[in-house]
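Student: Hi! Could you walk me through this one? I'm new to reading structures.
Tutor: Happy to, let's take a look together.

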Amino acid sequence: MCLVKNHICRFIEERAPGVTGQIIAALLTEVSPPSEPAISKEVSAEWMSFPAIVERMRELGLLQEGRDPVRERDKIRHALDLLTVASKESFVRKRIVNIGDVQGGAAAATGSGRGRRGNSAAARTVPTGAVTSAQVEQFRIEWRVVRKVLADTWTSQLIRDQFGLRIFKLLSEGSPPQRMEEAHILSACMIPPQEGREVLNEMVRRGIVSWQEVPRTGSTLLVASFWLYYVDHRRIESTLLWSVMQSILNLRVRFRVECAKNLPLESRQESLSKKERRVLNEGRRAEDILERAFLVLATSLVDSSRVDGAARSNAMHSTQR
């Protein structure tokens, strides 16, 4: 959970620098793992009022002292309005609630009123619009949207590093995504036929793109059929997960080999010659590079949230074999 929150904050800061990332950091403090994992695996994301968000940012040291508090609150308000724009991929959800009892009204006035699931009698969601004195705005992180965006970014980054994104994006567009012939794909992506055919065939071989045979007639030979290419996202997630875990395994094996090579020199590092010390330093540098690469790949796995437990288990089993 901590790694995921860290990735979310870094993701937001890279794309929307400034107070936006600080708001997300404050809202993430109200995201917690399920209290009873055996019963429900849903992550709990609680509601926070605007004063509560400002106060939490102050507690986290995200607000600089000495600045005009009114202007700072206006900046936070503007950033929240942008984050809550009605969209399927909005990271933050907003609601306006009526405070139904004295306790709820006092909590909202002090800035600590948060929409708990058990307080539905005290706060009732009303249509958005002008906020009256008997109402309060509340905000929370849309956890599923955030995890989906992280997973999509993780998938796109891995595919871009290996094949580029033009073919993958073309086949992923549309609702539902379309199935296309090779000639149409290469023409739309403006890729030379020879180069594009090699990339497309490699993507099929690696499980990134799938294909389907469409016979021209009932007795058409295999070579005379239409072949349509398409993207199966569930298969991609499993394939990329297996690829990352196989890479991690390869790095660990290589790391052990490098450690074994350096062990004789490490055992007598106080009596090494100049040449041997240079070899030892090169070996240590290779170990550091392998270790960093392993840690980057290991932490990237937390972004692949849309891969279900069965696919993850199968990928791990395949890697171990």
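Student: Let's start with a strand. What is the bridge partner of serine 210 in β9?
Tutor: Serine 210 has tyrosine 230 as its bridge partner in β9. Helices (H or I, at least four residues) and strands (E, at least two) are DSSP runs, numbered from the N terminus. Before we go on, this is a predicted model, where local features need pLDDT of at least 70, side-chain atom pairs count only at pLDDT 80 or more, and totals for chains, interfaces and linings use all residues. Residues are numbered from 1 along each chain as its sequence is written, and side-chain values use heavy atoms, with hydrogens and water left out.

Student: How many bridges join β8 to β9?
Tutor: Strand β8 (residues 210-214) is joined to β9 by 5 bridges, and the two run antiparallel. Glutamate 213, for example, stands opposite tryptophan 227 in β9. Two strands count as paired if DSSP finds at least two bridges between them.

Student: And what about β7 and β9?
Tutor: Strand β7 (residues 180-181) and strand β9 (residues 226-230) are antiparallel too, with 2 bridges. There, glutamate 181 is opposite leucine 228 of β9.

Student: In what order do the strands of that open sheet come?
Tutor: The order is β7-β9-β8, an open sheet of 3 strands with antiparallel pairing. β7 and β8 are the edge strands, each pairing on one side only. Strands of a sheet pair through backbone hydrogen bonds, either parallel or antiparallel.

Student: New topic! Which residues touch the most other members in the largest nonpolar core?
Tutor: Those are Ile8, Ile23, Ile76 and Ile141, in a core of 34 residues. The elements giving two or more residues to this core include α1 (2-15), α2 (19-28) and α4 (69-83). The largest share, 6 residues, comes from α2. A nonpolar core is a set of buried Ala, Val, Leu, Ile, Met, Phe, Trp, Tyr and Cys residues joined through side-chain atoms within 4.5 Å. Buried means under 20% relative accessible area, exposed over 50%, and partly exposed in between (1.4 Å probe, protein chains only).

Student: What is isoleucine 76 in contact with?
Tutor: Setting aside neighbours within four places in sequence, isoleucine 76 is in contact (heavy atoms within 4.5 Å) with Val19, Ile23, Phe50, Val54, Met57 and Leu63. There is also a second, separate core of 32 residues, with Leu171, Ile191, Val231 and Leu251 among them.

Student: OK, how many salt bridges are there?
Tutor: The count comes to 18 salt bridges. Each one is a side-chain nitrogen of Lys or Arg within 4 Å of a carboxyl oxygen of Asp or Glu. One of them links glutamate 72 and lysine 75 (3.9 Å, N to O).

Student: Why are glutamate 72 and lysine 75 separated by about one helical turn?
Tutor: Because they are 3 residues apart in helix α4.

Student: Is glutamate 72 buried or exposed?
Tutor: Glutamate 72 counts as buried, at 16% relative accessibility. Lysine 75, at 42%, is partly exposed.

Student: Which other residues form salt bridges?
Tutor: Arginine 206 pairs with glutamate 202, and their closest N and O atoms are 3.7 Å apart. Glu30, Arg56 and Glu59 are linked in a network of salt bridges.
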